[in-house]
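Please look at the sequence and the model shown below.

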Amino acid sequence: MTEANNEKMIEKELSFGPVHPALIEPYRIRLFVNDEIVEDCEININMAYRGMEKLFDGLPVEKALLIAERVCGICSHVHAWNAVRVIECGLGIEVPPRADYIRVLVQEFQRITSHLIFFGHAFEVVGHETLAMRALLLREQFMDLMQYVGGNRVMPSVPIIGGIRPRADLTDSLKKTILERCDAFEAKYAQYVQRILDDPLVISRVNGIGLLTKEDAIKYHATGPTGRASGWRYDLRTEMKEYKPFDFNVIVLDGCDTKDRVVDRALEVLESLKIIHQVVKNLPDGPVVNRNWVAKEMPFTTAYLETYRGEVMHTYGLDHQGLVRNYQIRTPTITNLAAMEHACVGDHVTEAILTIASCDPCLTCCTRTEVVDSGKRRTMTDYEIVRKYGWRK
Amino acid sequence: MDATILFLAQLIVSSVIALAIATLYSLVLPGIERKIQARIQQRVGPPILMPGFWSVIKFMYKARTEPIAQMPRFYKFLIGFGVGVVSLLFLFNTPYWWFMLGWGSILGIAGMLKLEEVIYVFMGSQSQSIMSTSMPVPDTVRGSKWPNIRREFNEQHSAERSLKMMLIGSLPLYLALLVPFIVAQSVNIGSVVVTQNPAYSPFNSWLSFSLPTSPILFTVPGFIAAIVYFLGFVVMLNEKPFTILKAKIDMIEGGVLEYAANLRAGYYLMRNLLMFALSSIFVTLFLGIPFDPFMPAMFLMNMVLSLMLPIALSVLVAFSPIFTFRQIYPTAIGLSALGVLAMILALSI
């Protein structure tokens with residue numbers, strides 16, 4: 001047994017990853033345990049670098065924004081939408097209301113698919129394969145709907161600067177299909193959720209573990225459903241002008257445990273369905289894109305958006321040629337990491353992995369630029385990168 | 001011919017036939033198990049022979065790799081040892097072994113089961129896969145709060161879990177095993193079978209068969225013991241919900257992680273044969289129908305009825321999460337209490 005500081009005695013370290021069948025992304029979890037009880041946790045990311053920000057640099061803005069969608073395969077629409085919101089905000093580009101409605105529609109489609117893939121992963125970690133498979137089966141309906149709207153299941157590429165792609169406009173038959181699919185989904189989904197809540201074995205695995213109090217959630221900057229399941233009422237959608245026409249509830253629970261993080265997402269799916277119904281029924285007439293804009297010099301502008309995992313930030317500027325400069329992205333997982341590490345403490349080893357999964361991490365998306373120089377490793381700020389390597393020619 | 005030599009010849013022939021049939025049959029069981037799970041999950045699932053039979057053949061022909069273990073030769077030996085232990089466990093259940101030095105008794109079965117359990121402790125303490133602490137690159141973060149902590153391989157942690165399961169988790173199975181012997185008031189399997197199936201004798205004609213008249217399963221203590229036995233069967237097979245020592249999400253495969261190619265095939269053989277052996281023991285002890293290799297009707301009945309436990313297992317696995325020790329301890333204590341209740345009730349029969 002080793003005494004590493006004055007407060008805790010640690011018996012041993014168990015580490016998992018980055019090559020591990022349970023971790024769907026390359027990261028490393030170091031658990032410091034006494035017997036089976038986790039006393040502390042470290043999550044090491046930075047295993048996969050893609051250098052996304054560098055890819056953006058110097059590209060024409062329309063071309064660069066296509067890359068933004070590739071940041072994540074689960075929240076592709078979020079990044080595409082927030083990337084265009086930056087320039088729309090910076091250059092004051094008007095977006096037609098119909099386009100905003102359809103952007104919200106795809107956002108909520110993808111929120112449902114994201115939460116269902118969360119259930120798939122979480123129940124796989126719980127060890128309940130049947131519930132995991134059912135979640136992925138239910139998800140298929142919304143993957144199909146995204147394809148009908150955007151032309152692709154994973155990268156629908158709906159938003160463009162000034163609106164949406166005209167091919168993503170809703171026809172009457174598509175509106176009817178969406179409503180029918182949503183109704184059919186709602187009935188099956190309600191049964192699915194009820195089954196989870198009625199299963200004593202599953203509930204015994206998720207109830208009372210992974211505790212993250214409201215104070216800790218705020219202290220560690222937990223965002224999205226992870227924070228809301230700890231009683232922190234914070235959802236950026238309530239402040240976004242795009243969401244003003246819609247009536248929906250922000251799901252806030254005060255159980256602060258893994259069960260509530262699951263239930264919070266389960267209830268958010270129902271709110272998303274409510275928004276989808278309102279979009280389809282109240283879709284305004286009019287154009288779907290405003291092409292009356294020109295790329296020109298734009299100061300660094302920032303836009304925030306409530307994604308399925310929490311708050312995402314995009315920021316960039318345009319130079320005098322209209323080329324993208326100094327693109328930065330902050331995904332919600334970065335701010336949730338510390339909360340995940342904290343929530344694991346006191347749980348059994350097997351439960352700790354579930355607690356991390358219950359915060360819905362997307363680690364490859366949140367890994368940022370790193371430079372290895374003379375054997376020393378450190379993360380450089382974008383300013384340092386620009387200063388050292390210059391603008392991309 | 002001398003009676004002893006004749007008996008030994010019969011013992012050897014019956015053992016060879018029994019093992020050949022059991023091994024082939026056990027290779028079908030994982031396919032049935034996986035197919036049922038897949039249907040419950042609205043999937044097609046693999047072909048019946050794929051997970052058991054063809055995967056064993058496939059692994060036998062894969063390029064052999066040296067396992068990373070503290071003592072690789074000992075680690076490799078454990079597979080052969082395990083197959084031997086499980087084979088003997090099954091053979092002790094067949095009629096000709098009932099007359100061999102008292103091995104065909106509760107002592108023989110319990111002894112072999114304990115040996116089978118302890119194998120996982122040895123495997124876990126030996127295996128040192130790259131999946132946990134032995135990363136080929138520096139993996140500790142500068143500024144970590146815990147820089148000099150003893151690091152343990154996942155498999156070693158799995159070995160510790162195996163030890164706990166040996167002490168607590170498998171106790172209900174042994175209690176349930178005792179119930180038929182208490183009813184028969186004997187430690188011999190032969191007496192347990194004859195109590196339920198008086199017309200049966202290993203020396204009957206090879207075409208004859210006899211059905212049990214008073215199976216223990218259909219008594220109150222027998223039924224309770226059967227439930228406890230089934231859950232003990234799940235524990236012994238390390239299947240969900242009691243798969244903590246090889247939980248995919250942390251321990252991956254536990255101590256068997258480093259077995260590849262022919263060793264992996266050997267592990268599958270061991271695991272599949274154990275599934276059939278435990279099922280066959282259940283049919284012998286609780287229904288009075290032994291696996292007699294010289295009586296086709298008897299061994300076919302035993303084989304068909306042996307499907308009960310794997311089918312029930314598939315359904316349980318499809319609907320169960322993995323239990324942690326928070327759930328395993330109370331479950332094991334509750335099942336042990338049920339096992340003791342069954343034993344007390346069995347005394348009154």
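The lining of the largest pocket is made up of 17 nonpolar, seven polar and 12 charged residues, where Ala, Val, Leu, Ile, Met, Phe, Trp, Tyr, Cys and Pro count as nonpolar, Asp, Glu, Lys and Arg as charged, and the others, Gly among them, as polar. This is a predicted model, in which local features need pLDDT of at least 70 and side-chain atom pairs count only at pLDDT 80 or more, while totals for chains, interfaces and linings use all residues. Residues are numbered from 1 along each chain as its sequence is written, chains are lettered from A in the order in which they are written, and side-chain values use heavy atoms, without hydrogens and water.

Of the 36 residues that line the largest pocket, Glu129(A), Arg34(B), Lys246(B), Lys248(B) and Glu253(B) lie nearest its centre. A pocket is an open set of points on a 1 Å grid over the protein atoms alone, with protein on both sides within 12 Å along at least five of seven lines, whereas a cavity is a set where a 1.4 Å probe fits but cannot get out; lining residues have an atom within 4 Å of a point. Helix 10 (261–287) of chain B is among the helices that each supply at least two lining residues, and helix 10 of chain B gives the most, with five. Helices are DSSP runs of H or I with at least four residues, and strands are runs of E with at least two, numbered from the N terminus.

The structure also holds 10 cavities of 30 Å³ or more. The table sets two spaces side by side, a volume being the space filled by probe spheres set on the grid points, which are joined across faces, edges and corners.

| Space | Volume |
|---|---|
| Largest pocket | about 1000 Å³ |
| Second largest cavity | about 100 Å³ |

Helix 5, helix 6 and helix 9 (220–236) of chain B each supply at least two residues of the lining of the second largest cavity, which includes Glu117(B), Tyr120(B), Ser162(B) and Met166(B).

Helix 5 (residues 106–126) and helix 6 (residues 154–169) of chain B pack at an angle of about 160 degrees, with their axes 6 Å apart; axes are lines fitted to C-alpha atoms over the stretch in contact, and angles run from 0 to 180 degrees between N-to-C directions. The two helices are therefore roughly antiparallel to each other, a term for angles over 145 degrees.

Glu39(A) lies in strand 5 (residues 37–44) of chain A, and its C-alpha atom is separated by 9.9 Å from that of Glu13(A), 26 residues apart along the chain.

Terms used:
Angles under 35 degrees count as roughly parallel, over 145 as roughly antiparallel, 65 to 115 as roughly perpendicular and the rest as oblique.
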